[in-house]
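The sequence and the model are shown first.

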Amino acid sequence: MKNKFKSIDLFAGVGGIRHAFEKAGCSTVYANDIEPYCKKTYDLNSNGTKLDVDDINKIDIDSIPKFNILLGGFPCQAFSIAGYQEGFKDKKGRGNLFFRIAEILEKRKPEAFLLENVKNLKDHDKGRTFNTIKKTLSKLGYHFKHAVLNSMDYGNIPQSRERIFIAGFRNKKHADSFKWPKKMKLTKSFKDLLEKDVPEK
């Protein structure tokens, strides 16, 4: 089953989502992020495909290698409560990058996708932003589920970080049978992650 599915990693950051899918048997065939500072860490932590640093809007969609699953943690600053919440009208163009994902989905029609963003995406602009996203994905022929998950409930990680995840499938049966992972008991604390032997200063 290993490498049965090929994935692309968009808005990749340092590759957290990629590593989870590779552990599940996926093969990463393309990775992209516009931030050059991500590349050194990303490439050091990844075997095989390296990070392509470029504007995703300038990438020829046909040039992307064949893939089955699209992964995309598209920029969240435009929707975060920590920012100006300008959404699709974000002056830096970050809010409309979801539509670039939609273009790729429309042209390449992968079997599935996983999108990730801040919790506030669901309620941004009184829910209108998220409704636009849902309508767009439905028009493209995808069936999907969404949930807000907290990192402290999965993987035994002592960090409270709520994010919204959208899992979509072209096959409705696959979407209907998809289930979010069960919560895990948190047994680690932040102190467990600290180095024990450190300089006195």
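## A loop asparagine

N156 sits in the loop that links strand 6 (143-150) with strand 7 (162-169). The model is a predicted one. With a relative accessible area of 16%, N156 falls under the 20% cut-off, and therefore counts as buried. Leaving aside residues up to four places away in sequence, N156 touches M184, K185, L186, T187 and K188. Two of the polar contacts of the N156 side chain are with backbone nitrogens, as listed here.

| Side chain | Backbone nitrogen | Distance |
|---|---|---|
| N156 | T187 | 2.7 Å |
| N156 | K188 | 3.2 Å |

## Strand 2 and its neighbours

How many of the seven residues of strand 2 are buried? Six of them are, so strand 2 (residues 27-33) is largely enclosed by the rest of the structure. The chain reaches strand 2 from strand 1 by way of helix 1 (residues 16-23), in a right-handed β-α-β crossover. Strand 1 (residues 6-10) and strand 2 run parallel and are joined by five bridges. In one of these pairs, S7 has T28 of strand 2 as its bridge partner.

Strand 2 also pairs with strand 3 (residues 52-53), again in the parallel sense, over two bridges. Here the bridge partner of D33 is V53, in strand 3.

## Helix 4

Helix 4 (residues 128-139) consists of 12 residues. From its first C-alpha to its last, helix 4 spans 16 Å, which is close to the 16 Å expected at 1.5 Å a residue.

Which residues of helix 4 are buried? They are T129, F130, I133, T136 and L137. Viewed down the helix axis, the buried residues of helix 4 lie within an arc of 125 degrees, so they line one face of the helix. That set of buried residues packs against helix 3 (97-108), strand 5 (112-118), strand 6 and strand 7. K135 and K139, on the other side of helix 4, are exposed.

Just after helix 4 comes G141, with a positive phi of about 90 degrees.

Definitions and conventions:
Residues numbered from 1 in each chain as written. Predicted model: local features only at pLDDT ≥ 70, side-chain atom pairs only at ≥ 80, totals over all residues. Heavy atoms only, no water. Helix = DSSP H or I, 4+ residues; strand = E, 2+ residues; numbered from the N terminus. Buried < 20%, exposed > 50% of the residue type's maximum accessible area, 1.4 Å probe, protein only. Polar contact = N/O pair within 3.5 Å; in protein donor to acceptor, adjacent residues only side chain to side chain. Contact = heavy atoms within 4.5 Å. Pairing = 2+ DSSP bridges. Right-handed = clockwise from strand over helix to strand, strands pointing away. Expected span 1.5 Å × (residues − 1). Arc of directions from axis to C-beta.
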